[in-house]
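Please look at the sequence and the three-dimensional structure together, and keep both in view as you read. The paragraphs below go from one place to the next.

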Amino acid sequence: MQRKSTSKGPQDSVTNKGLRTVRGSVDEKVEPSKVRKAKDETIVIHVCDEFRKVNKDFSCNKALLLENMRYFSAYLSDTNSHEDIDISVHCDVGIFEWLYNYIHAPQGVGTSPLTKLALDNVTPILISSDFLQMDFLVNECTTFIGVHLESVVDMPGDLLCVSEAILDSIALKCSLEQLDVIEPRKEKLCHKLYAKRLAALLANLKQLETGLDQCAACGVIHFSGHRPFLTCREATPSVGRHGQVVCRHEPRSDWKVDAWIKSLGVGPKTMYWKLWGALQCLYCVECRLFFAGSELKECVYHPPTTTDENRHGCCGAPKFAADARATRGCQSKYHTLGRPYELRGLYVSGSPLDRIHELALSHIDIIARDKPGPVPVPATGSGIHDMLRPCVVALKSMLVHVDVPSDLIKNLKSNTGDISTPQTRKQWKIDLYDCI
């Protein structure tokens, strides 16, 4: 679009509803009563469609034009209201006529067949309304595109031509399922929309008091607000205030989310889903534990065996009757997503939780970490529970500080058949009493 302003000579004039004003004379004086207010002025816009070779003029009230198309405010301000303005717009005549009907419609979009958004016209209308600074119409167009994105991208018009601010709005208004649908057809557009969503998600995280952390024990990246519900397999167990076994993640103090995102070295789609998964707190109905989305493949277990009541037959790990944790196992499988039994009544079919489960399972290969390696099997005979292991001290012999007679040591070294005699036993007894 282009605007052309011309200052005409002394002999030129502008006629508007019978009012003739001669301009160009230095001594010209205009009576205040003769000056029309902005709301009474009419502006003629010449639209030139060079592609169709069609020209058409549109007359519009100045106040209405400035209120709806702020682009013209710089050229139709009060300071130059006395000048003769000739506005020429180079664009599609059909699109400008739609915009003209829109600003004259009583209720805006959809109130008449002439102002109805459709799949084939929403993209050019969006581009034109953004250029003319029609913010309200831009918002309606981005909302329409967000709902019908998978169909709009197949219509004429390239969404990559719109401004970055509009892409930000479209990225937040479309769904993640729609991005999956359009990715094979519009890879570049999908790439940019994922980048916008990733930037918005990181910006929201920085505004929160809590954020992402990485566990120092197991390396799981999780949302710190979910830590009271999550369980760490590698943490040292402790007893909670209600007598339950507690294994909590311990965050690393030197870990930063921005550095982690950059270290991934992948595209914005993979970055986004990695971040999205880490922010989820899911529940497994098999192991009956909450876990971070990045642990989707880490439901660990021992295959059932009946060979030994004290040890698992699969790997030889000891069994503990008092061990209520389901965080130990020599094998792993995918978690079975569901709802905690005590909270099932709070959810209804088709709730947002169902959608979260579907998204997590459909992107599990991106979200989840690699399956954990086999758990080291404790040495045979070390039947000590992990919770008690730090408190167990190796037993020391009572004879460590006992002075053994030299003749007994000589007898031990000589490998004699009978080194225990009444005399030696009597001497040992005396030495033991002295130690006590």
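Gln133 lies in the loop between α3 and α4 (135-147), where helices (H or I, at least four residues) and strands (E, at least two) are DSSP runs, numbered from the N terminus. The model is a predicted one, in which local features need pLDDT of at least 70 and side-chain atom pairs count only at pLDDT 80 or more, while totals for chains, interfaces and linings use all residues. Residues are numbered from 1 along each chain as its sequence is written, and side-chain values use heavy atoms, with hydrogens and water left out.

The phi of Gln133, however, is positive, near 60°, although the residue is not glycine. With 31% relative accessibility, Gln133 counts as partly exposed, a class that lies between buried (under 20% relative accessible area) and exposed (over 50%), found with a 1.4 Å probe on protein chains only. Arg288 is likewise not a glycine and has a positive phi, of about 55°; this residue is placed in the loop between β11 (281-284) and β12 (289-292). Arg288 counts as exposed, because its relative accessibility is 64%.

The aromatic rings come next. A pair of aromatic rings is described by the distance of the centres and the angle of the planes. Rings of Phe, Tyr and Trp (its six-membered ring) pair if their centres lie within 6.5 Å, and planes under 30 degrees apart count as stacked, over 60 as edge-to-face and the rest as tilted. A search of the whole structure finds 12 such pairs. One of them joins Tyr71 and Phe131 in a tilted arrangement, with 4.7 Å from centre to centre and 35° between the planes. This pair links distant parts of the chain, since Tyr71 is in the loop between α1 (62-68) and β6 (85-90) and Phe131 is in helix α3 (residues 122-131), 60 residues apart. Tyr71 counts as buried because its relative accessibility is 15%, whereas Phe131, at 34%, counts as partly exposed.

Trp273 and Trp276 form an edge-to-face pair, with centres 5.2 Å apart and 75° between the planes. Both residues lie in helix α10 (residues 268-278), three residues apart, which is about one turn of the helix. An α-helix has 3.6 residues a turn, so residues three or four places apart point the same way. Trp273 is buried because its relative accessibility is 0%, and Trp276 is buried because its relative accessible area is 9%. Trp273 and Trp276 also belong to one aromatic cluster with Tyr194 and Tyr272.

Tyr194 leads on to helix α8, where it is among the buried residues, as are Leu189, Cys190 and Leu202. Helix α8 (residues 187-207) has 21 residues and reaches 31 Å from its first C-alpha to its last, close to the 30 Å expected at 1.5 Å a residue; the expected span is 1.5 Å times one less than the number of residues. Leu202, found in this helix, is buried because its relative accessible area is 15%. The C-alpha atoms of Leu202 and Leu275 are 8.8 Å apart in space, although the two residues are 73 residues apart in sequence.

Cys60 is in strand β5 (residues 54-61) and is buried, with a relative accessible area of 3%. Its C-alpha atom is separated by 8.5 Å from that of Glu41, 19 residues away along the chain. Cys218 lies in the loop between β7 (212-214) and β8 (221-223) and is buried, with a relative accessible area of 17%. Between the C-alpha atoms of Cys218 and Glu250, 32 residues apart in sequence, there is a distance of 9.0 Å.

Which residues line the second largest cavity? They are Val153, Gly157, Asp158, Leu159, Leu160, Lys186 and Leu189. On a 1 Å grid over the protein atoms alone, a cavity is a set of points where a 1.4 Å probe fits but cannot get out, and lining residues have an atom within 4 Å of a point. The volume of this cavity is about 60 Å³.

Definitions and conventions. On a 1 Å grid over the protein atoms alone, a cavity is a set of points where a 1.4 Å probe fits but cannot get out, and a pocket is an open set with protein on both sides within 12 Å along at least five of seven lines; lining residues have an atom within 4 Å of a point. Grid points are joined across faces, edges and corners, and a volume is the space filled by probe spheres set on the points.
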